[in-house]
Amino acid sequence: MSKVYPSAQAALEGVVASGQTVAVGGFGLCGIPEALIAALRDSGVNGLTCISNNAGVDGFGLGLLLETRQIKKMIASYVGENKEFERQFLSGELEVELTPQGTLAEKLRAGGAGIPAFFTATGVGTLVAEGKETREFNGKEYVMEHSLTADVALVKAWKADPTGNLVFRKTARNFNPDVATAGRITIVEVEELVETGALDPDHIHLPGIYVHRIVVNANPEKRIEQRTVREA
């Protein structure tokens, strides 16, 4: 059975549903599955819990799903570029679980590895640790964090072969591999699909065993979140 689907809409069909937990890859706006996020918006599913490093920006990325009120809860690290996110959070319309960035990455990695929880020093003595178990190791206090898994993982990669072996490009490698392993069903948006055997095995960042569906988006927008230029 082929893993390659003709469109983002087709790749989501029969997989996404209201009330699911969806993990979305990317670092800021770099390496986000743009077409899959837009297709998820168009699917009309709602009541979603979204796990992502960020919440997109107004009108782009996960900001699209916030505008349509399809997200009920965000588990994220950095949310400072989205005014609609801020409005919904302050008005009590959106549940938010802010997580230190490294802890979020490890929660996803551990979830993908089948590890239910782990101890970290990050957040000890802060609001992050409230209500959580703490334990001392070698004279230092650590807080226990539960891992994260998702019903569906939406991932962006640079290249893939038809079996789902993936290559990520530069900053887009942040969070995407961990998100991919944490999903029960992993759907990948790629810029280039190559023949089976074309990828050097030593250059594959994630093996195809984690990938269930693939869609090609050869010309993503790749919007820049913060553009800084030198004055003339």
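This is a predicted model: local features need pLDDT of at least 70, side-chain atom pairs count only at pLDDT 80 or more; totals for chains, interfaces and linings use all residues.
**Inside the nonpolar core**

Reader: Which residues touch the most other members of the largest nonpolar core?
Author: That core has 36 residues, and Leu12, Leu36, Leu40, Met74, Leu154 and Ile187 touch the most other members. A nonpolar core here is a set of buried Ala, Val, Leu, Ile, Met, Phe, Trp, Tyr and Cys residues joined through side-chain atoms within 4.5 Å; buried means under 20% relative accessible area with a 1.4 Å probe, protein chains only.

Reader: And where do the core residues come from?
Author: Elements giving two or more residues are the helices α1 (8-12), α2 (34-43) and α3 (63-67), plus the strands β2 (21-24), β3 (48-52), β4 (71-76), β9 (150-160) and β11 (183-193). Helices (H or I, at least four residues) and strands (E, at least two) are DSSP runs, numbered from the N terminus.

Reader: Which one gives the most?
Author: α2, with five residues.

Reader: OK, what's buried in α2?
Author: Glu34, Leu36, Ile37, Ala38, Ala39 and Leu40 are buried there. Just past the end of α2, glycine 44 has a positive phi of about 85°.

Reader: Back to leucine 36, what does it touch?
Author: Leaving out residues up to four places away in sequence, leucine 36 touches Ala8, Ala11, Leu12, Leu154, Val155, Ile187, Val188, Glu189 and Val215. Contact means heavy atoms within 4.5 Å.

Reader: What about a second core?
Author: A separate one has 23 residues, including Ile75, Leu104, Ala157 and Phe168.

Terms used: Residues are numbered from 1 along each chain as its sequence is written. Side-chain values use heavy atoms; hydrogens and water are left out. Buried means under 20% relative accessible area, exposed over 50%, partly exposed in between (1.4 Å probe, protein chains only).
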